[in-house]
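Colleague: I am new to this structure. Please take me through its main features.

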Amino acid sequence: MSSNSGIQIPSRLPLLCTHDGVLLPGSTMRISVDTARNMQLVKSRLLKGTSLKSTIIGIIPNTRDPEHDSDELPSLHSIGTAGLAVQVVGSNWPKPHYTLLITGLCRFRVTQLLRERPFPVAEVEQLDKLEQYTEGDTADGELGELSQRFYQAAVQLVGMLDMSVPVVAKLRRLLDSLPKETLPDVLASMIRTSNKEKLQVLDAVDLEERFKKALPLLTRQIEGLKLLQKTRKLRPDDDKRVLAIRKGGVFPGRQFSLDEEAEDEDGDDTALLEKKVKAAAMPEAALRVCLKELRRLKKMPQSMPEYALTRNYLEMMVELPWSKSTTDCLDIRAARVLLDNDHYAMEKLKRRVLEYLAVRQLKSTLKGPILCFVGPPGVGKTSVGRSIARTLGREFHRIALGGVCDQSDIRGHRRTYVGSMPGRIINGLKTVGVNNPVFLLDEVDKLGKSLQGDPAAALLEVLDPEQNHSFTDHYLNVPFDLSQVLFIATANTTATIPPALLDRMEVLQVPGYIQEEKVEIAHRHLIPHQLEQHGLTPQQLQIPQDTTHEIISKYTREAGVRSLERKIGAICRAVAVKVAEGHKVSRAESPTEQHADQNTETKVEDSGIAAPPEMPIVIDHIALKDILGPPLFEIEVSERLTLPGVAIGLAWTPMGGEIMFVEASRMDGEGQLTLTGQLGDVMKESAHLAISWLRSNAKTYLLSNGSADPLEGTDIHLHFPAGAVTKDGPSAGVTIVTCLASLLSGRLVRSDVAMTGEITLRGLVLPVGGIKDKVLAAHRANLKRVIIPKRNEKDLEEIPTHVRADLDFVFASTLDEVLNAAFDGGFPSAVGHPQVVSKL
Ligand code: ADP
C-alpha cells in the first residue's frame with residue numbers, strides 16, 4: 001500500500017530499536033542511544049550520511065527488557081515509524097551515548113529483515129501516505145463522523161487548557177490546520193498515555209480503527225482535566241502546575257514492558273509509590289506529608305528537576321523503618337557467656353554492660369544513660385558494642401564521627417539544596433531497616449566544629465531520651481522516633497568531648513592491657529581469627545606463647561591489641577604463601593624450613609589441603625625475625641640513661657600511657673633556659689618551677705659547685721624527645737626536677753625508675769591523673785620502680801595484682817623523697833660531702 005504521491009520513504013530502512021517509548025507519526029521524540037547496534041547505526045548512517053534520505057531511519061518499539069539486550073536481535077515488532085533524525089547529540093559521560101531528536105513521518109511494516117549486523121536493515125512497506133491527506137470533510141460515512149467527533153474532542157481538550165501558554169495556543173492553531181487523519185497520532189503522543197496504548201495506536205493501520213483506539217484516550221484525558229479543574233478551584237495557586245500536555249510526549253530514559261497491566265505508565269509509577277507509602281506504616285504526620293508530596297508529584301512533568309527530588313524523598317520515606325523492629329531476645333545468662341566468649345579480661349566493663357542489659361530486661365522502656373566507652377585504640381570498644389547488639393539480637397550499625405564538623409552530617413541537608421540528603425542517623429536507620437538497632441557512635445571525642453554549625457549540638461538531641469522520640473532530620477522534615485535505638489558511644493579521651501554531650505553519657509573507662517592479658521587475647525581470639533581470615537588451620541601454623549610475648553614487647557608498643565593483630569596477620573600472610581606453594585609443588589623447599597619445627601606428630605592432613613611435609617610451621621624467634629624484620633622497639637631503657645641529665649617520666653596520651661624521656665644539658669652562658677620538644681604552656685611552667693626550686697635548694701643538695709647559684713655562667717637546655725608530638729600537662733614536674741638534679745650533680749638516675757607527679761614551688765608533690773595507664777606503660781617498658789604522688793596511692797587498686805607485684809612503688813609527697821628514690825643510694829648522701837638535712 002505504498003503511496004503514489006507525496007514523499008516516499010526509502011524501501012530499505014535501517015532499524016533503531018528503542019526502549020524509550022513509542023514514536024508516532026507527526027510527533028517528535030528524544031531517543032537515547034547506547035546499545036551497540038544502535039550506536040553503530042548512528043555512527044555509520046546518521047553521522048556519515050550526507051543525503052536527506054540517509055537521515056530517515058525506522059524506529060521500532062522494542063518491548064524487551066534492555067538489561068537482557070544480548071547479541072541476539074530480539075524479535076522485532078512488525079510495525080514501526082519512519083523518522084527523520086533532526087538532531088544528534090553525542091556525549092561520553094557517564095558512558096558513550098547519543099541522544100537523537102527524531103520526528104515521526106509515517107508508519108511502515110517490516111516485510112523482510114535484510115541483515116542484522118552491524119545494525120538491522122529491513123525491506124519495508126510504507127503504510128501511511130505522506131502529505132497526501134485531503135481536507136477532513138471529504139471523508140464520509142462512519143470515518144467522517146469519527147474524525148469529526150475526534151476533532152471536537154480535541155478542541156474541547158485544548159479549550160480547557162490555559163491559552164496563555166504558548167504551546168497551547170500553537171496547538172489550538174494546529175488543530176485547525178492539520179488534516180484530521182493525522183489527529184489521532186498527534187494527540188495520542190501529546191496526551192497522557194502509556195506506551196502500551198501508544199503501541200495500540202501505532203498498530204492501528206486502518207484509519208477508522210486508529211480513531212477508535214485514540215478517542216477513548218482523549219476522552220479520558222478530558223475527564224481527568226475536568227477533575228483537576230475542580231480541585232484547582234480550591235487551590236488556585238497550583239494552576240501553573242496543571243500541564244497535561246507534554247512536549248514530545250516522551251519520557252526520556254524510561255523503560256517499559258508491555259506485560260505490565262497498568263494502563264498508564266506514569267500513573268503506574270506513582271501508584272506504586274502511593275501503595276508503598278500506604279504500606280510503610282508511618283505515623284500520621286509523615287503520612288500526611290508523603291501524600292501531599294505524592295499529589296504534587298503526580299502533577300509535575302518528569303522533566304522538572306523537582307520531580308526527581310520529590311521522588312527521591314518519597315522513596316527515602318517509604319524505605320525508612322517507621323514501625324519495623326526486631327524483637328529483643330535478651331537472656332542475661334546467655335549474654336554473660338557471649339560477652340565472656342568474645343572478650344577476654346575487661347571485667348569491669350563487662351560487669352557494667354551486664355547491669356545495663358539486666359535493667360533493660362526488667363524495664364524495656366529504660367531511658368537510661370548512654371554508655372560511652374573511653375579508652376585507647378584497639379582495646380575492644382567497638383567489638384564490645386557489636387557483642388551487645390548480638391546479645392540483644394539487634395541490628396548493629398557503626399557511625400564514624402571522627403572529623404565530622406558539619407551539623408548536616410548528623411541532621412541532614414534541607415531539601416532545598418541540590419544533592420541534599422538525610423544525615424547519618426536517618427541513613428543508618430535506612431541501612432539497617434529496623435527502628436531499634438544498636439548504633440555505635442564511634443569517636444565522639446573527634447567531632448569537629450566549623451562554620452556549618454556544631455555537630456555536637458545535633459548529637460545532643462539525638463542522645464537525649466527526652467527529645468529523641470521526635471528527632472527531626474532536615475531532609476525528612478518530619479519527626480522520627482529514635483527512642484528505640486540503643487546508642488553507645490566510644491572515645492579515646494573525655495577531654496575533647498563537649499561537656500554538654502559528656503553530661504548525657506555514662507563514661508566507662510576501658511584501660512589498656514598488660515602483657516599477660518595481651519598474650520591471652522592473642523591466643524584466644526586474635527590468632528584463631530587471623531588464621532580463619534587467611535584460610536589457615538592450627539595444623540598449618542602455630543605461634544607459641546614465647547613468640548607472642550616477643551611480638552608484644554619487641555614489635556608493638558600500644559595499649560590495645562590492634563597492631564598485635566596486624567603483626568599476627570603479617571605472619572599468617574607469610575605462612576599462607578608457604579602453604580600455597582606447598583599446594584602446587586608438594587615437596588616444596590621452604591626457606592623458613594630450617595627455622596620451623598619439624599613437628600611431625602601433629603601433622604594432620606587437612607581435608608583437601610596438601611600440606612607440605614614441614615607442617616605445621618611453628619613461628620619461633622628466628623622465623624619471627626624473618627617475617628617481621630628486626631625488632632622495632634629494642635632500645636633498652638638503660639642505654640638511654642648512661643649520662644647524667646636524663647630521667648624517665650610517665651605520660652598519659654589518648655593512646656594509653658607512655659614512658660617519656662627528659663634530657664637536659666648545660667653549657668657556658670648567662671643562665672638561660674631553653675626548652676624544646678613541642679611543649680604546652682603548662683609544661684613550660686613546670687620547667688621554670690623545677691629550675692626555681694633547684695636554685696633555691698642548691699645548697700641543701702650541694703648542687704652549686706661553690707657558688708651561690710648553680711646556674712651562674714651556665715645555660716640549660718631541656719629537651720623532651722619525640723618532638724613531633726605536642727606535650728602538655730603538669731605531671732612531668734618531678735621528672736624535670738630529677739633530670740636537672742642529675743645534670744647538676746653529675747650523678748646518673750637509676751635506669752629502672754619512672755616517675756610522675758606535679759610539683760609546687762615549695763617542693764611538694766601533687767597528685768596527677770591517668771595513674772593506671774602510666775603504671776601499665778612502665779610495666780610494659782620493663783621498669784622496676786615507679787614514683788607516684790602519695791595521694792595517688794588509692795589509684796593502684798585498679799591495677800592487676802601481678803603488675804603491682806612486679807613493680808616497686810614509691811609514694812612521694814615531697815621532692816626530697818622523689819630524689820632519694822630516683823638515685824642509687826639516695827640523693828645527697830652518696831656524694832660523700834657533709835650532709836645537709838632537708839628541711840622539707
Ligand atoms: P577499639 O574500638 O577500642 O579501637 P576494636 O573494638 O576495634 O578497638 O578492637 C580491635 C581488635 O581487638 C578487634 O579485633 C577485637 O576483637 C580485638 N580485641 C580487643 N580487645 C579484646 C578482648 N578483650 N578480647 C578479645 N578481643 C579483643
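Salt bridges, helices and sheets

Colleague: Let us begin with Glu 274: buried or exposed?

Modeller: Glu 274 is buried, at 19% relative accessible area. Buried means under 20% relative accessible area, exposed means over 50%, and partly exposed lies in between (1.4 Å probe, protein chains only). Please note that this is a predicted model, in which local features need pLDDT of at least 70 and side-chain atom pairs count only at pLDDT 80 or more, while totals for chains, interfaces and linings use all residues. Residues are numbered from 1 along each chain as its sequence is written, and side-chain values use heavy atoms, with hydrogens and water left out.

Colleague: Which residue does Glu 274 meet in a salt bridge?

Modeller: Its partner is Lys 278, with 3.1 Å from N to O. A salt bridge here is a side-chain nitrogen of Lys or Arg within 4 Å of a carboxyl oxygen of Asp or Glu. Lys 278 counts as exposed, with 55% relative accessibility. Helices (H or I, at least four residues) and strands (E, at least two) are DSSP runs numbered from the N terminus.

Colleague: How many salt bridges are there by this rule?

Modeller: The count comes to 31. One of them joins the side chains of Arg 750 and Asp 824, at 3.9 Å from N to O.

Colleague: What does that pair tie together?

Modeller: Arg 750 lies in the loop between helix H23 (733–745) and strand S20 (753–755), and Asp 824 in the segment after helix H26 (815–822), so the pair ties together parts 74 residues apart in sequence. Arg 750 is buried, at 18% relative accessible area, whereas Asp 824 is exposed, at 52%.

Colleague: Which residues are linked in a network of salt bridges?

Modeller: Glu 293, Arg 296, Glu 306 and Arg 415 are linked in this way. Elsewhere, Lys 790 forms a salt bridge with Glu 793, where the closest N and O atoms are 3.4 Å apart. Lys 790 is partly exposed, at 43%, and Glu 793 is also partly exposed, at 36%.

Colleague: On to the sheets. What is the strand order in the open sheet of five strands?

Modeller: The order is S8-S9-S12-S7-S13, with parallel pairing. Two strands pair if DSSP finds at least two bridges between them. Strands S8 (396–400) and S13 (505–509) stand at the edges with a single partner strand each, so one side of each has no neighbour in the sheet. On average, neighbouring strands of this sheet are turned by 25 degrees against each other, direction ignored. Axes are lines fitted to C-alpha atoms, for helices over the stretch in contact, and angles run from 0 to 180 degrees between N-to-C directions.

Colleague: How many bridges join S7 to S13?

Modeller: Five bridges join S13 to S7 (residues 370–374), and the two strands run parallel. Val 374 stands opposite Gln 509 in S13.

Colleague: Which helix lies across S7?

Modeller: Helix H11 (residues 347–362) lies across S7, S13 and strand S12 (486–491), running at about 170 degrees to S7. Contact here means heavy atoms within 4.5 Å.

Colleague: Where do the side chains of strand S2 point?

Modeller: They alternate along S2 (residues 28–33). Six bridges join S2 to strand S5 (residues 97–115), which runs antiparallel to S2. Val 33 stands opposite Tyr 98 in S5.

Colleague: At what angle do helices H10 and H12 cross?

Modeller: The axes of H10 (residues 332–342) and H12 (residues 381–392) cross at roughly 150 degrees and come within 10 Å. The two helices are therefore roughly antiparallel. Angles under 35 degrees count as roughly parallel, over 145 as roughly antiparallel, 65 to 115 as roughly perpendicular and the rest as oblique. Ala 335, Leu 338, Leu 339 and Asp 342 in H10 meet Ser 387, Arg 390 and Thr 391 in H12.

Colleague: Finally, how many helices and strands does the protein have?

Modeller: The secondary structure comes to 26 helices and 24 strands. Of the 840 residues of the protein, 49% count as buried.
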